[in-house]
Amino acid sequence: MQAYLTLTRRELGSYFVSLTGYIIITAALFLLGFSFVDLLKQLQREPTPMPVTEMFYMTWFFWLILLVTTPVITMRLFALEKFTGTFETLMTAPVTDLQVVLAKFTAGMIFYLVMWMPLLGCVLLVRHFTSDPGAVDAGVLASTFLGIGLLGSLFISLGCFASAMTRSQVTAAVISLVFGSSLFLLAYMADQAQHQADWQSQVLACFNFFESMHDFARGVIDTRSVVLMCSLSLFFLFLTLRVVESRRWK
Amino acid sequence: MSDGLMIEVANLTKRYAGRTAVSNISFTVARGEIVGLLGPNGAGKSTTMRILSCFLPATSGTARVAGFDIFHESDEVRRRIGYMPENNPLHPDMRVREYLKFRARLKGLSRVRTRERVDRVMEQFELTEVQKRIIGQLSKGFRQRVGLADSLVHEPELIILDEPTIGLDPNQIRSVRKLIKSLAQTHTVLISTHILPEAEMTCNRMVIMYEGSILAADTPDNLQRLMSGNSQIIAEIAAPAAELERCWAELPEVEHFDVAPVQGDYCRCALTPLDGVDLRPQIFAIARERGWSMRELTRSRHSLEDIYVQVTRREEEET
């Protein structure tokens, strides 16, 4: 436990002592700002019954931020350590592979959530300037953040896996971007095929992350999506663990 | 298993895809010894150390450190070793004190113990004045000391250092060697190097590796004795070269000689005696008898460098 906490702290700290962490947060903030400009313009045009979080999700900036930032957040986790050789000093300390994988995932996850905090500010700002107090509901906000967290954990664990496979940060980022976009396209296909009745479409429909995220943004928590995203995250973490362990079988 | 042994390596082999890095080596290291793993680049030293520090598994064979199997009880082994890999990788974005604290906590030291030990090793390696500096901005010598401090922070029983003096300037090398020697009283040390004088100066025992096998393992003195059968005598004598040559030709103990005039009347004679004969008293007697003046008389002992070259070259010729 001590090793896990120590490692998590160190990983998290390294985001903030280097410039990368701030650049990622700034970039996310920039995109977030764009999405809210878009959102406010819509509000000016016509009144809507949608909660603000749903309106935010409907701007699609959410996916852009998710797809672009997660590879950058995760690329250094393993690849950099392998490149500089500190992976060797790390693995020859009395720590288990599981502790290392979990600590890196946790640090990535915490940083990812910190990156999303400005969304909270934007939402509260909108609430301040709209006359309708029902525009922002605490429950809906919580479920939106749950959705952001769950999809985030899927993409962060995917990024961990990509980073563990290579010594180059760029390769790691590209791999996780490719995998991430594939998931995005899978969701797109699922969304297109959702009204067809054949079994392929039925299977595909499970991966309709658009629908799941839309639900979360509306304040609907669907256990099916929660289970799916948790198990996919666990699956990728398991793969990461296997990759880290693999040096013992070679 | 006897208690006196820190490392027991038995028939260890490591194969990478298509290449054998270490083939069937066995050696032991007793507690409190400083042992040098010696060999040219690519001899398998680093691989051996990586296996012993539980970073890589062996393809076959076994090794025990402090009585624990490196594969099945790797946790216990890692708790007991301090390992500094080749090129001493560190986190360049951390501060010295912060890094040592991180490593100490990672190695399971309590908060109080961490503070104590970090202070202690920083003092020991003279890092106290740079404790707030960022590692990436330190000079190589300081970084090397940070690496050594890290390998010692949890008071390991065994310290494994892979090329600890590589890339340092002569003064820094000297201070690192001194540090390693100072560890000898309380720790067992295994260091690798391809620089002979280093091993000669710091180690109690040397293991010479070449292309994945152990060629020789003994104390520096024994290795020297083993090889010093044909050491040379150098004498500088003021006499005509022809006369000197005749004189050496008459001596039955001289196997081979070489006379070359140097400045003034002096000639430099290099004499190779038969096995085990010390020619120096005879040469002195001859010079005195004939009234020649002599300004130098030395026996050039083979340095380990020669031995090393001999041993490794012999192997090359055979293959």
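Helix α1(A) supplies eight residues to the lining of the second largest pocket, the largest share from any element. Helices here are DSSP runs of H or I with at least four residues, strands are runs of E with at least two, and both are numbered from the N terminus. A pocket is an open set of points on a 1 Å grid over the protein atoms alone, where a 1.4 Å probe fits, with protein on both sides within 12 Å along at least five of seven lines; lining residues have an atom within 4 Å of a point.

This is a predicted model, in which local features need pLDDT of at least 70, side-chain atom pairs count only at pLDDT 80 or more, and totals for linings use all residues. Residues are numbered from 1 along each chain, and chains are lettered from A in the order in which they are written.

The second largest pocket has a volume of about 480 Å³, a volume being the space filled by probe spheres set on points joined across faces, edges and corners. Of its 18 lining residues, A:Thr6, A:Arg9, B:Lys101, B:Phe102 and B:Arg105 are the closest to the centre. That lining comprises four nonpolar, five polar and nine charged residues; Asp, Glu, Lys and Arg count as charged, Ala, Val, Leu, Ile, Met, Phe, Trp, Tyr, Cys and Pro as nonpolar, and the others, Gly among them, as polar.

Which residues lie nearest the centre of the largest pocket? They are A:Glu88, A:Arg167, B:Arg50, B:Phe55 and B:Leu56, among 35 lining residues. The largest pocket holds about 820 Å³ of space, and α1(B) gives the largest share of its lining, four residues.

Methods: Side-chain values use heavy atoms; hydrogens and water are left out.
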